[in-house]
Number of protein chains: 2
Amino acid sequence: MTAEIICVGTELLLGDIVNTNAQFLSRELAELGISVLHQHVIGDNPDRLRELVCQAKARSELLVFSGGLGPTQDDLTKETVAQAFGDTLRFDEEEWQKILSFFARTGRTPTPNNRKQALVPTHGHKLPNTHGTAPGAWFEADGCIAVLMPGVPREMKAMWAEQVRPVLLARQNCTIHSKTLRVLGGESSIASKVAPLFECENPTAAIYCKTGESEIRVTARAASQDEAEAACDARIAEFRRILGPNAYDVDVPGLEYTVVRILREKGLHAATAESCTGGMVAQMLTNVPGSSEVFGYGFVTYSENAKSRLIGVDPELIQQYNVVSGPVAAAMAYGALRASGAELAIGITGLAGPGGALPDKPVGTVYLAGADARSGKGWLRRLTLGGYQERGIIRTRAALYALDLLRHMALELPVEEALPLSGSDMPADSLVL
Amino acid sequence: MTAEIICVGTELLLGDIVNTNAQFLSRELAELGISVLHQHVIGDNPDRLRELVCQAKARSELLVFSGGLGPTQDDLTKETVAQAFGDTLRFDEEEWQKILSFFARTGRTPTPNNRKQALVPTHGHKLPNTHGTAPGAWFEADGCIAVLMPGVPREMKAMWAEQVRPVLLARQNCTIHSKTLRVLGGESSIASKVAPLFECENPTAAIYCKTGESEIRVTARAASQDEAEAACDARIAEFRRILGPNAYDVDVPGLEYTVVRILREKGLHAATAESCTGGMVAQMLTNVPGSSEVFGYGFVTYSENAKSRLIGVDPELIQQYNVVSGPVAAAMAYGALRASGAELAIGITGLAGPGGALPDKPVGTVYLAGADARSGKGWLRRLTLGGYQERGIIRTRAALYALDLLRHMALELPVEEALPLSGSDMPADSLVL
């Protein structure tokens, strides 16, 4: 099946908003095995819309619309598409009652224009909107389907998932299952290791690049849901075998969710002492619902005084090694352990820029230490994140490394590229990386 | 002038990436007074591309392309557009030398395909790429211009700013200046107050909604740069007069930048004691370059113990009023003052959800306190942010309110909807909002 996506809205043509609907629909259609040949954005202009619909209907089997279902006189998408598909619109009393009760609930009065929103296809069918007032529409003629959905992403996504996707899936005569593997590291380093797995047509795999990590989305089509899920799992296992522990979890929003889950499973608590990341690690951990079970204490020791007063970093240590140094990061991590009573702690100090570079420490130099109260042991890494230049990116990448160190400590995985520490030998000269 | 934007790339049709280029170009063209009638996304398919280019050339005066300039055999955008504009391509030795030296610098060997990238218009002209290897192209015929730029946003934006925008601006026969006013509050509450100002054709004003705040972008066209700038300033002043102190700054990335600037100007320091926001306020402040001058201490007191041990909140206070309460927020703010030596501090405790709601405190209930060491005085607000439901949004909005309270305290502005506090009468019953 071939498809075109048509987004209607002046706010898109003016660049007031970015067209996330087109991306969402393209990705969903690709997963259904439907080829998207065109995406269009057009304003509320009936002549231009009519020309486009006629062209698209002649060359593609499915037209997916978002937007243009509003109550104003300008919104003529439904009327224009109905005409192109040889259909008409009828007034639907049930939809009108829904609109009236929505206005009553929000204490407003509907205008005569709002009656337009209760118009639905006569021969095609309506698509109920469970998150807003404007129903969608489904037209079908001459071997072509037109699906009209609202432009508000929340409403469109719900209508897609509840009423459009299942029907298209049934017509494609298969079931589909997707899983997303999250992997630390950049797209190019990952892609080169697992390139052959991206060539396969079923399951398909696509890689999406994020700051400091990537998502690999695996989608399998099969006759049954169980088969599709099993094919997904098998392919994910292949990715994990090749990528090792950098592939950290499946179907989670981010590394902080994995870290909180592991800490909870192991009955551990974590504390943070942050300088250059300024609370970002604490903020990420506490964004996970239920994180209070595993995280109680975060120290944002942005000044030298704060490092000494809150977590007992010896001012002489700072004097001797510089505040951006391995010994200070280690003292921060051990200090956070003592001040919090947690089993695990991390300490981060670095240069996020743009100013402040030292001769031997360019912007992006970050010292990350982890300490484990159970063994008294710890780890220290010097990260060089300067290639990314931007302050926000340096901080985000440093925070990801910190979360990953917590994960390694909690799971007792070997920490590569790190100097082992023990509470007693800190600060030894070996700590100056 | 009327325009169409044509983005070429299979990764857009597959939904692998969101089309930010279309938004960028739409916004820029709107500012130049050029009407964008269509946006298209199309794959690397010469037949479909040829059909689209011929249609677009017949109805619009400017076609702006991004993408399709890569070295592979599939990338035929330049050839296809040249043909539609009655032009041909010639091999450009200067561009080829640039490509060779780029490959030499990165230690790679060019393939014969790379020679394609050195092809430039014979009658039109090339657009040098200062951020990558593929030059752009400018074709012109039959009253229509086609501008071809790379798909990589960084390369496209630079080529647009350096070589395309100035030429189009000259043809539009005017200069342009833009300024962005940032305003706390939602789009609908702002738009209703200043609606007439959005109707004006010069300067234009557009509103962009962000979490908890909005951006108003004012763009003036005039014969000279000074006139355009003066017209911008005058319109911004009108907005500020109507919107009051909620309109907090011009041309800044966010409220934290304004707060850091004000603290620095006043020679003040701020400290934070955060529970439900978990370090977000500290993280935002420290993302501003140079924030170490005004921020040294952040306490992420996520557990009850941490509130008592780090900033001296009396456990009996928590016992008596609940940890999510006005007295605890106030004690956190005063505790952060004492523990840090800063002049200003904020304390935040609340329910970010999804669980944990109490009978009188639904999810989204947040207590925000501010304390001022200079006067001993403070303020306390109860925020009700539950309508937004999502944990991340509740936290972000609470953090914005906290930054805004710091701004009000630093500027000694009246703090509306807040209970005044003094260090001595805390905890009084009046604190239980």
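**Entry 1: a bridge between chains**

Is B:Arg59 buried, partly exposed or exposed? I began with this residue, keeping in mind that the model is predicted. B:Arg59 has a relative accessible area of 26%, so I wrote it down as partly exposed. Next I looked for its partner. The side chain of B:Arg59 forms a salt bridge with that of A:Glu51, at 3.4 Å from N to O. This pair crosses between chains: B:Arg59 sits in helix α3 (residues 46–59) of chain B, and A:Glu51 in helix α3 (residues 46–59) of chain A. I checked A:Glu51 too, and it is partly exposed at 35% relative accessibility.

In chain A, the side chains of A:Glu213 and A:Arg182 pair up at 3.1 Å, N to O, in a salt bridge. A:Glu213 belongs to strand β11 (residues 213–222) and A:Arg182 to strand β9, so their pairing ties together parts of chain A that are 31 residues apart in sequence. Both A:Glu213 and A:Arg182 are buried.

B:Glu140 is partly exposed at 42% relative accessibility, and B:Arg171 is partly exposed at 41%.

I also came across a network of salt bridges in chain A, linking A:Arg90, A:Asp92, A:Glu94, A:Glu95, A:Lys98 and A:Lys126.

**Entry 2: a lysine in a strand**

Which strand holds A:Lys179? I located this lysine in strand β9 (residues 175–184) of chain A. Its relative accessible area is 15%, and buried means under 20%, so A:Lys179 counts as buried. Its side chain makes a polar contact of 2.6 Å with the side chain of A:Asp233. Leaving out residues up to four places away in sequence, I listed what A:Lys179 touches, including A:Ile216, A:Val218, A:Cys232, A:Ile236 and A:Val250.

**Entry 3: two helices in chain B**

Last, I turned to helix packing. Helix α11 (residues 304–311) and helix α13 (residues 326–340) of chain B pack at about 35 degrees, with axes 9 Å apart. From α11(B), the residues in contact are B:Lys307, B:Leu310 and B:Ile311. They meet residues of α13(B), among them B:Val328, B:Met332, B:Gly335 and B:Arg338. I sorted the residues of this contact into seven nonpolar, one polar and two charged.

Definitions and conventions
Residues numbered from 1 in each chain as written. Chains lettered and ligands numbered in written order. Predicted model: local features only at pLDDT ≥ 70, side-chain atom pairs only at ≥ 80, totals over all residues. Heavy atoms only, no water. Axes fitted to C-alpha atoms, helices over the stretch in contact; angles between N-to-C directions. Helix = DSSP H or I, 4+ residues; strand = E, 2+ residues; numbered from the N terminus. Contact = heavy atoms within 4.5 Å. Nonpolar A, V, L, I, M, F, W, Y, C, P; charged D, E, K, R; others polar. Buried < 20%, exposed > 50% of the residue type's maximum accessible area, 1.4 Å probe, protein only. Polar contact = N/O pair within 3.5 Å; in protein donor to acceptor, adjacent residues only side chain to side chain. Salt bridge = Lys/Arg side-chain N within 4 Å of Asp/Glu carboxyl O.
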